[in-house]
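These are my notebook entries on one protein chain. I record what I looked up and what I found.

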Amino acid sequence: MSSSGSHSAEGSSSIIPLDYHLQHQHQHQQLQQQSPVTLSRYESQKRRDWNTFGQYLKNQRPPVALSQCNCNHVLDFLRYLDQFGKTKVHLQGCMFFGQPEPPAPCTCPLRQAWGSLDALIGRLRAAYEENGGSPETNPFASGSIRVYLREVRECQAKARGIPYKKKKKTPKGNLEESSTSSIHFS
């Protein structure tokens, strides 16, 4: 009886149809693909940013396909993000314009900080190419995006009274501060 019991146990695996094994193998592969691979903080943020930008394009009227996206869509996206910013940017007429630490609150708008926008564009630029986009058509690498970011940086620096410290390389290759120039407003 034990020999027939062991024989039926051995043979039981051959009774299971082949399509069950294939289906089980397919489910296992799906689970492996779905199980979260531990991503770095940068990779996680890049994926989140890419998905957010894709959703932004889908919400446009009419929706914009990623393949049709250009630098104007990217600029509109950056301006859209300003409403979620946390950096106070004083307007030209504000009495605290140019003051790094204003003594009282004001009604000037909150914006996205230049550094946040710059990092976002870097992540989106990489994500675009990782998702099949060509470096030659990358809207995040456009000159108009670089100009926009430079203007945001300069505007925020002026509004907050941040002095520029220019650095130049010495003949030995070391960096040294050549001058400190504060931005003055009239």
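Entry 1. I looked up Phe53 and Phe140 in this predicted model and found both of them buried. The cut-off I applied is that buried means under 20% relative accessible area. I then listed the aromatic pairs, and the search of the whole structure returned ten. For Phe53 and Phe140, the ring centres are 5.1 Å apart and the planes stand at 70 degrees, so I noted this pair as edge-to-face. I next asked where the two residues lie along the chain. Phe53 belongs to helix α3, whereas Phe140 sits in the loop between α5 (114–130) and α6 (143–160), so the pair ties together parts that are 87 residues apart in sequence.

Entry 2. I turned to a further pair, Tyr80 and Phe84. Their ring centres are 5.4 Å apart and their planes meet at 75 degrees, so this pair is also edge-to-face.

Entry 3. I examined helix α3, which comprises residues 41–58. How far apart are the end C-alpha atoms of α3? At 1.5 Å a residue, its 18 residues should span 26 Å, and the end C-alpha atoms are 26 Å apart, which agrees. I then listed the buried residues of α3: Lys46, Asp49, Trp50, Phe53, Gly54, Tyr56 and Leu57. They cover an arc of only 155 degrees around the axis, so they lie on the same side of α3.

Entry 4. Is Lys46 buried or exposed? It counts as buried, because its relative accessibility is 3%. Which side chain makes a polar contact with that of Lys46? I found the side chain of Glu130, at 2.5 Å. Apart from residues up to four places away in sequence, Lys46 touches Arg123, Ala126, Ala127 and Glu130.

Entry 5. I checked His73, which has its place in helix α4. At 18% relative accessibility, His73 counts as buried, because the cut-off is under 20%. With neighbours within four places in sequence left aside, I found His73 in contact with Phe53, Tyr56, Leu57, Val64 and Gln68.

Entry 6. I looked up a charged group over a ring. Arg153 lies over the face of Trp114, at 5.6 Å from the ring centre.

Entry 7. The chain contains six helices and four strands, and their pattern along the sequence is α-α-α-α-β-β-α-α-β-β. The chain has 186 residues, of which 25% count as buried. I also looked up the contacts between residues at least 6 apart in sequence, and 52% of them join residues at least 24 apart.

Conventions. Residues numbered from 1 in each chain as written. Predicted model: local features only at pLDDT ≥ 70, side-chain atom pairs only at ≥ 80, totals over all residues. Heavy atoms only, no water. Buried < 20%, exposed > 50% of the residue type's maximum accessible area, 1.4 Å probe, protein only. Polar contact = N/O pair within 3.5 Å; in protein donor to acceptor, adjacent residues only side chain to side chain. Contact = heavy atoms within 4.5 Å. Phe/Tyr/Trp six-rings, centres within 6.5 Å; stacked < 30°, edge-to-face > 60°. Lys NZ or Arg CZ within 6 Å of the ring centre and 35° of its normal. Expected span 1.5 Å × (residues − 1). Arc of directions from axis to C-beta.
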